Amino acid sequence: MKHIAVLYMSTFTQNETEFQNDDGTFKEITYQTNETALKYLSWKLAKSGEVLDKVFAFVSEQAESLGAQKEGIGKDYSAYNWLKYSLEKYHDKLNINTGRIIRRNIDDWFEKVKVGNGDVFDSYISLNKMAIALQNYVLAQRDEEITFHIDFTGGFRHSAVLLLSLVHMMKFSGMKIDNVIYSNMGTKKIEDIRSLLDSYSMISGAAEFTNYGSIEQISNIFYNVEYKSEQLKILLDSME
């Protein structure tokens with residue numbers, strides 16, 4: 001199984017911020033919100049013996065050019081380069097803790113698609129380029145199962161719509177959607193917002209049932225739900 005992450009790059013901040021998950025088992029000081037999400041995802045995958053195989057990023061000119069001096073490092077980084085650097089170091093730490101020996105070229109590990117600084121039309125072009133990049137990756141893996149993780153933290157206001165569109169496109173390519181992460185700067189918490197995607201799937205599933213009589217999407221949403229009320233069971237059975 002291969003694990004890939006997709007994100008929209010945030011710009012860089014020099015402020016040290018400690019983020020944690022709900023139960024406090026994960027805690028990391030980071031400088032950039034995407035850094036938080038990818039470290040958390042890498043940590044979570046490592047717990048089950050898995051690794052993050054590839055990161056696909058929408059990167060604006062600002063995220064590539066904005067630099068800040070990091071104390072103790074002695075050089076400037078753009079937001080994108082800092083993300084690559086910090087994640088590489090974090091994976092080295094995970095490898096030591098788990099006893100793994102994984103070597104990878106950091107530039108091959110990341111793949112970027114350039115996006116404009118807020119132009120909606122340009123974003124649609126970038127969406128198409130990202131979909132092609134992801135599809136090429138899937139085809140190159142042949143029979144390998146691909147699991148798709150999303151970081152919803154960064155980008156402009158319309159970037160969430162961009163990512164949602166991409167998610168639905170990839171679902172039709174047979175990708176499995178797993179972690180959907182948001183790094184909340186207000187609470188300093190890492191939030192699982194998978195239910196947001198499920199709500200969109202529910203709406204499209206209802207349309208699919210209305211138009212074609214199929215409950216495949218709706219059934220998939222409730223497939224892994226441990227408790228189903230009797231009313232829900234009756235409803236799903238009657239829709240089949």
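Predicted model: local features only at pLDDT ≥ 70, side-chain atom pairs only at ≥ 80, totals over all residues.
Student: Why is Lys93 called partly exposed?

Tutor: Its relative accessible area is 37%. Buried means under 20% relative accessible area, exposed means over 50%, and partly exposed is what lies in between, using a 1.4 Å probe and protein chains only. Residues are numbered from 1 along each chain as its sequence is written, and side-chain values use heavy atoms, with hydrogens and water left out.

Student: What makes the contact between Glu28 and Lys93 a salt bridge?

Tutor: The term asks for a side-chain nitrogen of Lys or Arg within 4 Å of a carboxyl oxygen of Asp or Glu. Here the N to O distance is 3.0 Å, so the pair qualifies. The partners come from distant parts of the chain, 65 residues apart: Glu28 is in strand E3 (residues 27-30) and Lys93 in helix H3 (residues 79-98). Helices (H or I, at least four residues) and strands (E, at least two) are DSSP runs, numbered from the N terminus. Glu28 has 14% relative accessibility, so Glu28 is called buried.

Student: How many salt bridges does the structure hold?

Tutor: There are 4. One of them joins Glu111 and Lys54, whose closest N and O atoms are 3.8 Å apart. That pair ties strand E7 to strand E4, because Glu111 lies in E7 and Lys54 in E4, 57 residues apart in sequence. Lys54 has 12% relative accessibility and therefore counts as buried, whereas Glu111, with 29%, counts as partly exposed.

Student: What makes Lys112 and Glu64 a salt bridge?

Tutor: Their N to O distance is 2.3 Å, so the pair is within the limit. Lys112 belongs to strand E7 and Glu64 to helix H2 (residues 61-65), so this pair links parts 48 residues apart in sequence. Lys112, at 35%, is partly exposed, and so is Glu64, at 26%.

Student: How do you know that strand E4 is largely enclosed by the rest of the structure?

Tutor: Count its residues: 7 of the 7 in E4 (residues 54-60) are buried, so the strand is largely enclosed. Lys54, Phe56, Phe58 and Ser60 point one way, Val55, Ala57 and Val59 the other way, and all are buried.

Student: What makes E1 and E4 a pair of strands?

Tutor: Two strands pair if DSSP finds at least two bridges between them. Strand E1 (residues 2-8) is joined to E4 by 5 bridges, so the pair qualifies, and the two run parallel. Leu7, for example, has Ala57 in E4 as its bridge partner. E4 also pairs in the parallel sense with E7 (residues 110-115), over 6 bridges, and there Phe56 stands opposite Glu111.
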